[in-house]
Each structure stands twice: as C-alpha cells, then as structure tokens.
Amino acid sequence: MDWFSPKKTANESHIDSMELVEVKVESECASCKRMNCPCGADCQCGPFCRCVAKDLIEGVQAVTTLSEVFVGPHTAYEISIGGMTCVNCSSAVEVALRKLGERNDGAVKEYCVNLVMHSGQVVVEDGKGVDGNVIVDTVEAAGYDCKVNRSSAVEKGSGGGKDERDNYGTCRFKVLSGDVDDPQPVSAKEQDTLEEAVFDSVKKLDWVKNLTRMEDGPEYEVSFDKSRQNVGVRTLTKAVQSKLPSGYTAMPSPPSSPSSTDQSKVEMLKKRRAFLLSLIGTLPVFTITMILSRIHAAHELLMTPIAPAFPVESVILFVFATPVQFFSGWQFYRGTWASLKTRMYGMDVLICLGTTASYMYAVLMVILAASTGKKNMGSHFFETSAVLISFVLLGKYLQAVATRSTSKAIDKLCKLTPGTATLCVGKGGEDLEEWPKDMKDVDEVQIPSYAVQRGDFLKVIRGSAAPCDGSVVEGTCSMDESMVTGESLPVLKIVDGDVIGGTVAVEGTCYIKAENVGDDTALSQIVQLMVRAQGAKAPIQQFADDISAVFVPVVLCCFALTFSVWLLVTYTGAAPAKWYEDQGEFMFSFLFAIATLVIACPCALGLAAPTAVMVGTGVGAKNGILIKGGEGLEKLARVKAIVFDKTGTLTMGKPEVDAFVDLKEMGEDLLYYVGCAEKSSEHPLAVAVVRYCEEKLDGKRALFSPPDFKAITGKGVSCAVDGKAVMIGNRSFMATRGLQVDEAGPVEKRLVEMENEGQTAILVSVDDEICAIVGISDQLKPDSAQTIKRLQAMNVDCWMVTGDNKRTAEAIAKRVGLSEANIIAEALPAGKVIKVESLQSEGKAVAMVGDGINDSPALVQADVGIAIGAGTEIAIEAADMVLIRNAVSDAVVAIELSKAIFSRIKLNFVWALGYNSMGIPIAAGIFYPWWEVSLPPILAALAMALSSISVVLSSILLMWWKPKFRIAELGFEQ
C-alpha cells in the first residue's frame with residue numbers, strides 16, 4: 001500500500017486560458033546581459049529584469065558551506081541546549097566541547113553554540129568514540145540540558161574545496177499499525193519485531209549510507225546520497241513497505257527544523273513559570289516587611305512571641321522565603337556549580353552569593369535571637385533574598401521574551417514552503433523518470449512537500465507556492481520572487497527557467513522538475529544564514545558578564561580575607577575584648593565578612609543595561625524607532641559603516657508612473673483607454689498605471705474591465721475598449737502585433753531616455769497606432785538624500801546594496817549622493833551578507849537597513865539590523881530595531897539614540913560599582929580600630945539597594961533625551 005493518498009486531481013488543460021507566445025532563449029539577454037536568460041534576446045524588461053534564480057540558489061549555497069576541510073567520514077549533530085542564560089553559558093558549553101575533542105584525539109572538528117536559538121551544531125570524526133550520547137553527556141556535565149535533534153553524514157575528500165556535506169541528505173520515516181487512512185502507534189514489543197524487517201529492506205539500497213532508529217518511538221532516520229535522481233523518503237518507504245508484515249504501514253515523517261524544534265519557546269515558558277512561582281513566596285514576605293510592619297496593629301500581631309525573642313513574624317518569613325531561596329533560586333545554584341567547574345563565572349555566581357549571604361544571615365540572626373533572648377531585625381533579611389531572586393527571574397523572563405521574537409522570524413520563513421505539493425506520476429502511479437511528450441500520460445497526486453524527491457515533476461498553479469527549487473519543463477508563469485530578491489515585479493518563467501522554492505505563481509501555470517529539495521532549497525539556505533548570523537551575536541549584557549568574571553573572585557577573596565583577619569585578631573587577643581564581648585569572636589568576625597559580601601555584590605550591575613534599554617526603548621518609540629532589546633546597541637553607537645537596501649528603504653517600494661507621454665494628444669480618452677485595458681491585470685506595473693489614470697481622470701469617467709481582455713505573461717495586454725483596439729506592452733509585444741519602433745525615431749529615443757533614468761518604459765497603441773509611452777519607476781523617498789548627507793557628515797561610510805540592475809542602481813545612487821564605488825547592484829541575499837562580512841573584516845561596526853525577506857540574512861549578520869516598518873514581517877522580526885514611521889531618516893536618530901543609551905549604560909556601571917567600591921573598606925572594618933563604627937549587614941544591604949536606585953534614576957533621565965537630527969528638517973511631521 002502506498003503511503004500517499006491515491007485520490008487524483010482533475011487533470012485539465014494546463015494552460016488553456018493563456019495565449020502562448022514562443023520566446024526563443026538566446027545566448028545573451030538584451031536587458032540584463034545574462035547568458036541564457038529565460039527572457040531571451042528580445043527582452044524588454046528594462047531595469048526590472050529579475051532572471052537571477054539560478055545565480056541566487058548557487059550564491060546562497062556558497063555562503064552556507066563550512067570553511068573547514070574534513071578528510072574522511074564525519075557526522076554532524078544538531079542539538080538543543082537548555083538552561084543557557086548569558087554569553088558565559090554558551091562559552092562554557094563551547095569550552096566543554098573543545099575539551100571533549102582534546103580528550104579524544106581531536107574527534108570534535110567543528111562546533112557552534114547558538115545562544116538565541118538554544119541550539120548548537122557539532123561535527124565529529126567517526127570512529128574516535130564520540131557520538132550523540134557522548135555529546136549529550138558532555139553538555140549535561142557542564143550544567144545544561146541537552147538532546148540530539150538529528151544527525152547527518154558528512155564526508156570530505158582530500159581534494160578539499162567544496163563541502164561534501166551536500167552529497168548526503170537525511171530523511172525520516174515511521175512504521176505504524178493499520179493503513180494510511182487510520183494509522184495507529186505500535187507497541188515497544190512490535191517495534192523490536194519490526195526493526196529487523198526495516199533494516200533488512202534498507203541495507204539492500206546502495207544509495208543509503210546509514211540507518212538509525214530514533215529513541216523517541218517507531219521512527220527511523222536515514223542518511224542517503226541525495227545527488228542521485230528519484231531517490232528519497234518516498235522510494236525508501238516503498239522499499240520498507242515491501243518487507244513489512246501485513247497490517248503495518250511505512251510513512252514519511254516531517255524533518256526537524258528551527259520551526260519544529262523551538263527550544264527558545266520552551267526556555268521562555270520555563271522562565272515565566274519560575275518567576276510566577278517565586279511570587280508565591282516573595283509577595284507575602286514583601287508585604288510583611290515593607291507594609292504590615294509599619295501598621296501598628298499588624299506589627300503587634302506579627303511580634304507575638306512563640307518563644308522569647310522568637311516572634312511569629314520570623315516563622316512566617318522563614319516559611320515563605322525558604323522555598324524561594326532553594327526552589328526558585330535553584331537554577332542559580334546549578335549555574336554557580338557549572339561556573340565553578342568551567343571556571344567561567346557569570347551573573348549566576350553573584351546572585352547566588354548575594355541571596356545566600358542574605359538568607360543565611362537572616363537564619364543566623366533568628367537563631368541568635370532565640371538562643372540569647374535578645375530581639376533583632378535580622379529576619380527582615382529574608383525579604384532581601386526573596387525579592388532579589390524574583391526580580392532577577394523577571395529580568396530573565398523578559399530577556400527570553402525578546403529572544404523568542406528573533407526566532408519567530410525563522411518560524412515565518414519556514415512556513416513559506418507549502419505544506420503539500422502536486423506530484424505528476426504515470427497512469428499506473430509510478431514516478432516519472434522524464435517528462436512525457438503527451439500530457440494524457442500524466443496523473444496527479446497530492447503529497448507532503450517534505451516528501452518531494454530530486455527529479456520529481458511537480459505542478460505549480462496560479463496562487464500556489466513552489467515546494468522546492470526546480471526548472472520549468474512545460475508551461476509559462478510569472479513568479480513573485482520578492483521573498484529573495486526584494487523586488488516587487490514578478491518574473492517570467494518559461495521552459496528551462498529556474499524556479500525558487502517558496503515563491504508564489506501570480507499568473508499562469510507551469511510544471512517543474514525538482515532540483516534542490518529539503519535543506520538544499522534557497523529558502524532553507526536563507527534560514528541557515530540567519531541561524532549562523534544569530535549565533536555570532538553577543539548581547540550587550542556581555543559587559544556585566546565580563547565584569548562579573550573578574551569581580552566574583554575579588555569578592556570571594558574580600559569575604560575570606562575579612563573573615564580570616566578579624567577571626568585572627570579576636571582569637572589572638574590583638575583586638576580589645578569590649579569590641580566583641582556581646583557577640584563573641586566568631587559572630588563579630590562573621591558580621592564584618594557578610595557585610596563585605598553584601599555590599600560588594602554588585603546587584604545593580606544586572607540593572608545597568610536593562611533599565612537604560614527599557615527607558616531608551618520608550619524614547620525611541622516616541623521618535624519613530626522600535627528597539628527590540630539590548631542587542632547591537634554598543635556597536636550601533638560606534639557604527640562606522642551602514643548598508644542600505646534600495647527598494648522599500650531608500651525608495652518607496654512600489655512602482656509609480658513617472659512619465660506619461662501622449663504622442664497623439666488624445667487627452668482624457670487615452671487615459672480612459674489605458675486605464676480600462678490594464679484594469680483586469682494584476683501585474684504591479686498595471687496596478688500603477690490604473691492608479692495613475694484614475695487620479696488623472698478624477699472620477700470623470702469610470703473604468704471597467706473589458707470582457708475580451710487577453711494577457712501575454714511578461715509581454716503585454718490587448719482588449720477592446722468602446723470599439724477601440726487597445727494594446728499595451730513592451731517592444732517585443734508590439735513587434736509580434738506588427739508595430740515596429742523605428743530605432744532612429746523619436747519614440748525609440750524617448751524609450752532609451754526613460755530606461756537610462758531607471759524607468760520601465762511601455763508602449764500604448766490604439767487601433768494599431770502607437771499613441772503613448774509610459775515610464776514607470778520606484779520613487780525615491782523624500783528624506784533619503786538628506787539622510788545619506790547627514791551620515792556622511794558623521795563620518796559613516798554609506799553603501800547601497802540592491803538586487804536591482806546596475807543602471808537603475810546608479811540612477812538612484814546619483815540622486816541620493818552616493819558614488820558609484822559605494823553601490824553593489826544585482827546582489828543576492830548571500831551577496832548582501834558577504835558585503836556586510838567584508839566591512840566587518842575591516843574592523844568596522846556595520847549597520848544594515850532593509851525591508852525585505854531577502855534582507856533578513858544581512859540584517860542578522862550585521863552588528864545591528866534596522867528594518868523599515870513598512871517592510872515584510874519577517875525582516876521586522878529579524879532586525880534589532882524597526883523604523884516604525886517608514887522614514888529612512890530615523891536611522892540617523894537611531895544611531896544618535898543608541899549613543900545616548902550606551903553612554904548611559906557606562907555611567908550606570910559607575911553607579912553600580914561606585915557604592916560597592918567605596919563601601920567595601922568600611923564594611924570590612926578597616927576604619928573600625930579608629931572610629932569603632934561598623935557597617936551592619938542591614939546597612940550594607942541598604943547601600944546595595946541605593947546603588948540599584950541610583951542606576952534606575954540615571955536611566956530615567958534618558959526620558960528627556962531629544963534627537964539632534966530633527967525630523968521636521970526633512971518635512972516630516974512629528
């Protein structure tokens with residue numbers, strides 16, 4: 001039994017609604033000058049020629065290959081890592097993986113840990129004792145949760161050069177009970193019985209490298225030679241099905257991906273739960289110490305003694321604070337233990353030390369009061385530890401929410417691939433090895449898109465998305481490639497034209513042969529580019545972690561030294577007995593030590609960056625800038641290069657009629673004929689023309705859709721309007737209708753002028769006579785030129801990188817004030833990433849401003865990504881900042897604001913450490929021999945709180961920040 005649905009779709013005439021015009025593919029395109037461009041030698045696409053699909057696919061794949069040369073068989077493991085909270089955590093995991101390789105004769109060849117996605121990739125050499133289980137044990141030994149999502153074979157020949165990872169692919173299938181319409185899970189005993197049959201069927205396939213049974217059920221993962229045609233998960237399940245006993249079915253399983261393996265969401269929910277649970281104990285503690293203790297009646301009730309100097313208040317505070325300290329705060333103890341093992345000390349160590357010191361001091365004071373009968377307020381230190389833990393957990397949750405928003409961009413990219421594909425098969429249901437000459441020999445079945453194999457023939461109809469990369473074998477269609485090129489104009493696809501997976505057919509129907517499937521598609525490669533770039537980013541909280549790594553050992557030394565010295569001088573009698581006669585030598589020394597620890601613990605250090613970012617975010621929103629978190633602020637403040645996309649960033653992002661030349665002075669009649677002729681077309685150029693005609697007619701004449709409208713994809717339209725034969729299209733379209741443009745005449749001269757200005761020029765004929773020329777272009781934003789001028793005055797190196805052709809790019813660059821040396825035309829998404837990396841290799845902090853899906857990899861590769869608010873949702877999700885008002889001039893305001901925020905963060909670091917640095921000598925008792933005045937731990941905690949208050953107040957002052965580059969100067973309203 002086949003696993004796919006046997007129900008076949010109606011096989012109607014594949015393109016019976018379109019008039020076909022044979023377009024001969026010549027060696028060089030007349031417009032874009034590319035060899036073997038599908039548009040052909042008579043192409044008149046002008047500056048909007050977008051036949052770059054094949055270049056894009058190859059270019060993206062070139063960027064995503066690994067740099068290291070592997071010799072011999074290797075395995076790549078994709079893992080999920082839980083519990084990472086800061087850069088020190090990801091560094092600790094990398095250190096553990098590096099040491100794993102050192103212990104096993106260099107078995108670990110490559111590793112990368114992605115803090116944002118809570119994931120990693122490890123490439124190991126086979127045969128050296130390191131596999132998925134060893135990797136999991138290593139990461140868990142470092143103090144973090146870990147599991148293997150999938151593995152894939154990697155083999156590198158000694159010749160080097162290309163990464164042979166491309167030769168092997170992975171797929172998954174599962175064995176279930178019953179048939180395809182009602183599959184049921186099988187028991188563990190049945191799984192063991194069926195395993196032999198599965199392995200026996202697969203080992204006979206020479207294109208399969210290895211087969212692994214997954215631990216989480218009756219699912220198998222296969223590594224196979226994906227360079228072979230017509231092999232994959234469908235071929236595999238058919239082979240397995242032939243060996244299974246009756247009553248069982250082999251079915252494909254969806255592969256794991258950044259979208260399905262959403263570790264960031266798990267981390268976010270875990271942190272939210274931890275924060276809410278901590279509030280159960282913290283709120284009562286806070287209420288008692290800060291509110292009820294100041295109400296006389298309630299205070300009297302709370303001070304009711306259970307025993308002498310042992311009031312009810314102490315018991316209640318102990319009961320509520322203890323779960324917060326050891327249950328909610330357990331992750332800090334675990335993180336501290338991991339830090340001690342890796343010797344990479346982060347904020348967890350400081351939080352653990354501060355809260356434990358406060359909690360233990362409270363416990364000791366309660367015990368001391370009960371044993372001596374002398375009252376004290378030490379129990380209020382329970383509030384210090386509980387509130388501190390809850391506040392830190394809240395901060396971690398907010399950080400996880402911000403991180404989650406970044407991974408949503410990848411989720412949305414993954415969802416661009418359709419869930420199903422229409423597979424063309426023979427009349428007997430067999431796969432087609434070559435495209436038949438007669439469509440009567442073809443049937444169609446619906447399959448999941450992840451089951452498409454290289455060499456399959458697929459149908460793409462109007463309104464549907466291509467399930468994979470491929471080449472057209474029959475039919476013509478216009479594909480919307482804006483997701484990868486950023487340009488709004490659809491691209492004509494004819495036989496042998498390359499189709500990019502995930503792009504949508506806006507007009508026509510075609511049949512394609514699958515070339516790149518699964519992880520090899522251009523869309524999947526873009527996802528991998530984003531994951532790579534995200535993994536290389538460091539949050540601004542790294543400042544606090546760096547300071548903590550040095551400060552923690554210093555604090556511990558101060559604590560130990562203070563306690564040891566005072567213990568020595570008291571027990572040896574070097575200190576007068578009156579100093580410690582009421583407390584004893586140990587308690588007297590311990591109070592100095594714990595006061596030192598409390599005041600030295602820089603709790604405000606954790607507030608220095610988040611509070612400044614929080615206030616700065618509100619200020620940015622008032623000025624049209626959405627700041628999504630603290631990432632990128634440091635380098636944006638020191639940015640030395642900024643890369644702009646063209647379409648939708650420096651320009652408006654939609655075609656507009658730039659010139660309408662009425663050659664016969666027909667006036668409103670001509671506008672009416674043109675508007676009606678284009679009314680039925682969905683082409684973006686047609687929409688722009690209709691909009692222009694309606695504006696000029698101003699309601700004087702209503703446009704209608706002619707019933708005999710005919711469209712030739714990528715060429716033009718024809719129809720009858722009020723008895724007039726109207727045709728609109730490019731030169732080649734008019735030529736097929738017998739209307740030739742004189743190469744030396746005024747019409748040709750005007751066409752060339754428009755094209756040199758970066759416009760798309762189309763011709764209009766009425767009753768077989770050329771009557772008008774329409775020039776259409778993407779309009780420049782009114783603030784683009786002055787934005788570039790302002791940035792250049794700030795000594796910022798400005799670049800424009802666009803997928804558009806060189807002629808249009810140069811025209812736009814000239815208008816905004818950029819030199820030809822600072823523009824890169826016909827750039828693919830990978831090319832934009834390469835340019836950003838090139839600038840970064842020069843030591844420059846680079847910002848990227850874009851609006852399209854194709855800009856997403858460059859947005860995350862740049863030190864800071866800035867998205868235009870009117871851009872695609874995926875670009876907005878991928879960026880660090882969003883210009884809400886769609887004004888590119890706000891990029892300047894964003895830079896100025898980031899400088900102000902980062903300066904405030906540095907000032908906050910001074911406040912955070914100032915109290916501690918000045919208070920440590922007093923708390924340690926250095927001046928006690930002269931003044932006989934000590935700093936009690938409760939006052940040390942107050943000083944610690946004052947440092948936090950100072951940091952918050954410092955950040956609040958940012959609310960009065962005003963931009964120097966006023967938007968009003970450019971004609972925008974505030």
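The structure holds 19 aromatic pairs, a pair being rings of Phe, Tyr and Trp (its six-membered ring) with centres within 6.5 Å, where planes under 30 degrees apart count as stacked, over 60 as edge-to-face and the rest as tilted. This is a predicted model, in which local features need pLDDT of at least 70 and side-chain atom pairs count only at pLDDT 80 or more, whereas totals for chains, interfaces and linings use all residues. Residues are numbered from 1 along each chain as its sequence is written, and side-chain values use heavy atoms, with hydrogens and water left out.

W566 and W579 form an edge-to-face pair, 6.3 Å centre to centre with 65 degrees between the planes. Because W566 lies in helix α14 (residues 542-571) and W579 in the loop between α14 and α15 (585-600), the pair ties together parts that are 13 residues apart in sequence. Helices here are DSSP runs (H or I, at least four residues), numbered from the N terminus. W566 is buried at 7% relative accessibility, buried meaning under 20% relative accessible area and exposed over 50%, with partly exposed in between (1.4 Å probe, protein chains only). W579 is also buried, at 15%.

F592 and Y928 form another edge-to-face pair, with 5.5 Å between centres and 80 degrees between planes. This pair links distant parts of the chain, since F592 belongs to helix α15 and Y928 to helix α29 (residues 928-931), 336 residues apart.

In helix α23 (residues 784-793), the residues S784, T787, I788 and L791 are buried. They fall within an arc of 95 degrees seen down the helix axis, and therefore line one face of α23; the arc is that of the directions from the axis to the C-beta atoms. The face turned away from this buried side carries the exposed residues K789 and A793.

Methods:
Helices (H or I, at least four residues) and strands (E, at least two) are DSSP runs, numbered from the N terminus.
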